[in-house]
Each structure stands twice: as structure tokens, then as C-alpha cells.
Amino acid sequence: MVGLLIKRRAFANAFILAMLIISLYPSFGSNMVKAKGAGGVTYVTVPAELSRVLYGFWPYWTSGSYSPDWTEVTHVAFFDIPVSSDGSIDTSHMGDYYYSVRDEAHSHGARVLLTFTCFDHDAQDRVLAYHKVALVRNIVSAVEEYGADGAVIDFEFIRSTNSLTGKLNSYYVEWFFNYLHDELKKVNPKYEVAVAVTGSVEDVFRNSRLARYLDYVFLMGYDYHWAGAPNTGAVAPFDDPNQFDVLDSIGILLNYYPREKIVLGAPLYGYDWPASSTSPGASTLGSGKAVLVKYAVPNARKYGRHWDGSSHSPYYYYKGSDGHWHQCWYDDDQSIGIKFDYANRAGLAGGGFWALGYEGTSDVWTSIWETVNWSLAVPRGLRVTEGDDGMGYSIGSHSGFSPAGTGEVDVRVSNPGDESAGTALAAVLLPVGAGGKVKAYGWGFSDATVPAGSTTTVSVRVRVLGGIGAGTYNLTVYRIWDGLNRSEVRATPVAWTLVDVSPRFSYSISVPQVVTEGSRFEVNVTVSNAGDPVIHNVTVALSLPGELSTDNPPEESIAYLDPATDHLLYGLGVNHTFSWNVTATAPGLGVLEVTIHTDDGGSVTVSRQISVQPKNPPRVVINEIMYWPAQGDDGYGEWVELYNPNDFDVDVSGWWLGSGSGGYTFPMGTVIPSKGFLVVAKDSDWLISRYSTEPRFDGSAVYGNASFVLDDGGGSVSLKSAGGTVVESVTYSPSWGGNGDGKSIERKDPAGDSNDPSNWAESAVDGGTPTYQNSVAVPFFGGLWMVSLAIIAALTLYRRR
């Protein structure tokens, strides 16, 4: 699966495909609109529909007159609400301007999220270690108060190890997003949680479990060359064999997150560096200055736009007033389109921008949003400008193409001017059927620089996308990326053999998270067409862990898919569900994998964790209860400790611990190790902070936050399996100890009766012993005691002899 996404030199070509085929399906003649423009230019426009998300960060300092193309925007991330080290938030930017942005976005059907930021590493460490609960509560309150649709977390370059606790920040980050997800969804299931991740993909975000709690992962696909970079180069390099780039970042993310949750963020800015020369990669002579794309594009027209074929990025250079050469690298409609078309065809969630407003409101605005339309849209429309760009073109002879559907078209390009000029050519096939409807299409792309006064032959390699058989059709060649001008060069009939289009598919998987040993259940995989004409030979393979088995064949296939002819046709929403009857044969925590493959739509492998619980749940005991914390801690200092006395680990996924007032359900993958402890806290952040200096304390064994209230006058605590079986129950009393002095009640012997008052005693230490051995326990839970008795008995027998 990931192999399909690694660097390929053809990705630039894919962008042209997106721009050209958008117009060609499903209708051309019936939807064509013609109007005469200035200078005899003809515009042909067919509407398009966005099929991916477009995630735009909207800074609070953006001009009040700015407005994006609302037909393309699906998500607005309003920037920003700074976060302090104690978990408090600064909402001073949330004024009337925010409400105007929110209301306009909502009126166009876009979702609005609040962006919470923290860029200070020490503050990040403190809030993650000690104030996660406070921060989550403040985020939830802000989302509700400001009528938003969710939250984006932008904590950049988080340290791998927390400087205050010495523990891995990945633990704290996972706990934070788990709690944030649960609390937001509890208020409104439609609230969304997203995170912004830098191109380096910090260690704390290389965690597949985070995918459970995130709706989107926004890759900040920029600053690969930053203001202080030692050399000039692309801010957002793509498919570059010579450096770490956007594709590398996506490759990392795909190891941890489903592709449908990844948003590829692109920059609407660049950097202008003083440089030692005009060559790409030249040494910088000082810090770069940020240049917004609304200024960079006009500057490139003034100084001369250059294209770096390695990084697929534009740049320009000029002699500065400081006497040094300057290079400015930025992104424009061409480089952004290449990235967004990749995002579309790779099945990512979509694209995004930092930051809305940086494209201005003039022709640059138009080119950027047209690119969004072409590269992220369902194939529905193309704008073509027919006009003269001052260069000469002629198409060389060719004899058609093989059934493989590829071949070369030679185009001779002459430049009568006195300066070198760049040219980018694309060829497209337009076989038009009855009623003016396009039945199939082909595409190709190449670019070149034509020296002044010379002629260059550009070979355009063409691949056919369609399925109507051989025939004579119109082959049209376009000159593109001449500002906003995409001009038709010429059209001529050519014999062409057509092959099938490369479609995309979507899928959904239905599988329970927790099942009981011996039970039978269904795994259902539904595959749908996500936007192109036909999907052929859909195969779904099910790979089961050792805890599961099925009587069905591991692979199921269909040749085609639709209601009438078993084809999966574009635009009909047709789908097919593959089903397996599965038996849970043995207890354990395993990973089920589903692989979906099509002959012409790509492949994907998806994992789902599943817990098989034994028919008779293993014994886990309630080992310690803090029902009456020290004065002042009563609102959040309650907790219950569990102990696994078995010689094997116990999976407690889906188990419930609580009292009549509420409780806590353990998430998937929760395991208590053999002879290990687990604590459920009313406020886990508080508990971790309170005991962080105790060397025996293990914060990773703390779960929460629980909704129970442990009665100071006595009460009951129960532990139930995922199937509802009562595993353990304790009815405690203040007479057992721990009544108001900040000490817990501890179990002496886990093998003893849970409700025997003589098996419980007040902790010998203040605050109890969460996650480690009880202070009043029979030494080593009876093991050492039994050894001692055996030694005494042996000595007695020896003396008698």
C-alpha cells in the first residue's frame, strides 16, 4: 500500500491529469457555457464539485475584506487561542471579527474549529505533565462558548522526554487526546478533533493509537527550508530525490494514521534569502524574509519565474539593494496543484493552507482557488482559454498507440522572442459521443525551456484513460501555466486505442471491538466507487489473528459492481458489501487486517484491534481504595487500585469499574500485566502530579477520568467484565480506616475475601500506595510469608533430631 505512495517522478504529470480531465466527465456538450472575453478570447467552463476536504487556517490578523472561495472550503481553523503552562487559555483574539468569520463560514456549510497553540517547550512539558485535565476542560468550554465545531491542537516540536518528570511525552500526548476526544464527543458527537503536525513528524505523534481520537491530522507540509536555513531551496519540496520532502513526511504519517485522516497542508508564502549566487541551493548570507504568495507571484513576473524540477517548486532571483543576490522560493498554483492532485489520488483526506488571506484578492487569488477546484474536485469541469501566447507550435506525425494505451506525441515549439521562455504542454483526447457526452479521455504532460529565437521539440507521453475501444478521435494539445492562460495549441484526428480509467474507491469496515470467547460475529467490508467511471476486479482479503477463525474463504472477489451490469459506475453511489462469519476461538488481544485491492483503483490495508474476552473472566481484585482524600483534595483525589494476581496478563478492554454514582470503562488495548497494578482516578492528572516524586509510582498505569463519587460514609465498588459479569465487588466502611485523614484503605491479601473487614487496613503511609505494593500487605502477597513458615518448620524438625 505505502509502496504506491513513495516518490515517483510522474507525480508532476498527475497534476496535469487533474486539471485536464476535470472537464471531461460526465458531460461536455450539455453543460458548455461560451462567452466572448477581451481580445477575442473564448472561455469554456464546466462546474466542479469538491470531493476532498479543504482545511484553511484563518489568522485573526487577516484583512476584514478577505473572503476565500467558499465553494471549495470545508474547514476553517481560526487562529489562534494561546495556551499557558497551567492549562489556561487566552481568548483575547476571539472578538467580533471571529464571529463574522464563523457566521460566514457556517452560512456556506463550512465547519469552524478553534486553534489552540503552545510553542514554548517548557510550557508544553508543564501542561502535558500536570495540567492536561484543566486544558481539556478549557478547550471544551471555549468550543461551546464560541459556537465552534471542534478544536485543532498546534503544539509544535514537542520534546520526546518531559523535562519535568523524565517520562515520555508520548504517554501524556496520547492521554490528552484520548480525554479531549471523549469530552468533546460527549458534549456533541459531531465535534471534531484535529492536530497540526510538522514535516519532521515528532516522536510524540508517531503513535497509531492517536488515530482513534483524531478526525484529521494536518501535515504542515512547509518550512523544509526555513528562514534560518543555511542554503536556499524549496519551502515545500515534493518528490525530490535529493532531500527530505513532503512525500517523506506523508510516508511517515501513513505508518500511523489512516490515509483518509491525513490533510496535506501547503504554504501560501515563501522566503526571500540573501544568497551567494543565483544557483538553487546556494549558501544563504542571512535570515530569510517571509514573502506572501500574493507578492511572490507578481515579483516572479517582474524578475523571471524559474522552475526547479527536483523539488517541483518555483523561485525567482534578483540583485538586492544590499548588493547581494536574493533568491525567493515560494509555492504557486502549479506547485500546489501537484501536491493537491497527489493528495486526491492517494486517497488522503484532502489539502489545506497556511494561511487563508495570504493569496490576496486579485489574480493570484483566482489562480490558487482554480487549482483547488481542479486538483481536489470530482471530475466535472475545466476552464480552457483559447488564445495566442506568442509562441509557435506544430504536432509531429504519429501512428496511434498500442493496446497498452501509451505513446509519444512530439510537439515542435518555436520561440520568436528575445528571451528564453518556459513552456508546459499537455495533450488530451476528447472522444465525444451522442448528445455531446464525453465517453473517454487521455492525457499527457511535458515541460521545457525554449531559448530565444530557437525551436525545441517537446515529447509528450500520453496515457489513455477511458474504455470505449479503438477509434479516431480528436487529440488536443494545450499550452498551460502562462500566468492564468491555458491556451489551445491545435487539434488533429488520431487513431487511438483506449484502456480503462484508473478509478478511486472508498470503503467502510464494521467489526466489533470486544467479543466473548466462543461467540460468532460478522465482519462487513463495504466498497464504493469514489468518483471515476469503472472499478474492475475488486478483491477483499481478511487476515485474522490467532484468536479468531472463519469458515469463509479468506478472499472474496467480484468482477464488477453496479445494479444492472455489475460495474461500479461513477456518480451512482453504488457499493458492495463483503461479509465473513467469524468465531472467537481463544481469548487475547489481536489485530484484524483487511486488504482491499482492485485491478485499476489501487490497494489499501486497514487494521482493527479486537479483544476476545474469556467466557469466565479471570480474577482481578480491588486492592486499594482512596475514598476520603486529605482535606481540599476531595473533589478530585479519589481513586481505586486493581491488582492482577494471575501468572498471565489480563486484557480488560471494555471492562467497567465504578459505584452507583458512575464509573469508568477501560479503552481498547488496556492490559494489566501479571502481578501488576492499575489505578482508576477521578482526576488522573492530579494523581500523576501528586505522586510524581515517588520512585515506585508508575504514571502509565493510571487511567481516568472516572465519574464515580466514593461515599465518605461507606459504599460499594464493583468491577465488571465487558460482558457484564461481576468480577469483584467491595462494600467498604469507615470502620475499616481511611476516614478523613488522607490515607487509603489497603487489602492485606488478594487471595482473601474482598468484603472481610479483617482483610483490610488503613494505609501505613499518607496518601496510600497507588500502582505499587500495599504498605499493609502480607509480604509479597503471601509468598515470603509462606517461605518463612517453611523455614521455621524445617528448623524445628532439625532441632528435634
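The model is a predicted one, so local features need pLDDT of at least 70 and side-chain atom pairs count only at pLDDT 80 or more, while totals for chains, interfaces and linings use all residues. Residues are numbered from 1 along each chain as its sequence is written, and side-chain values use heavy atoms, with hydrogens and water left out.

A pair of aromatic rings is described by how far apart the centres are and by the angle between the planes. Rings of Phe, Tyr and Trp (its six-membered ring) pair if their centres lie within 6.5 Å; planes under 30 degrees apart count as stacked, over 60 as edge-to-face and the rest as tilted. The structure holds 40 aromatic pairs. In one of them, Trp-58 and Trp-70 have ring centres 6.0 Å apart and planes at 20°, so this pair is stacked. Trp-58 sits in strand β4 (residues 53-59) and Trp-70 in the loop between β4 and β5 (75-82), so the pair ties together parts that are 12 residues apart in sequence. Helices (H or I, at least four residues) and strands (E, at least two) are DSSP runs, numbered from the N terminus. Trp-58 is buried, at 1% relative accessible area, and Trp-70 is buried too, at 8%. Here, buried means under 20% relative accessible area, exposed over 50%, and partly exposed in between (1.4 Å probe, protein chains only).

Next come Tyr-316 and Tyr-330, with ring centres 5.9 Å apart and planes at 55°, so this pair is tilted. Tyr-316 belongs to strand β14 (residues 313-319), and its relative accessibility of 1% makes it buried. Tyr-330, in the loop between β15 (325-329) and α8 (333-345), is buried at 2%. Ring pairs also link residues into a cluster, among them Tyr-55, Phe-79 and Trp-354.

Most peptide bonds are trans, and most residues other than glycine have a negative phi. The bond from Phe-79 to Asp-80 is cis, though, with omega near 5°, and Asp-80 lies in strand β5. Another cis peptide bond joins Trp-354 and Ala-355, with omega about 0°. As for phi, Phe-157 has a positive value of about 55° although it is not a glycine. Phe-157 lies in the loop between β7 (150-155) and α5 (169-187) and is partly exposed, at 46% relative accessible area.
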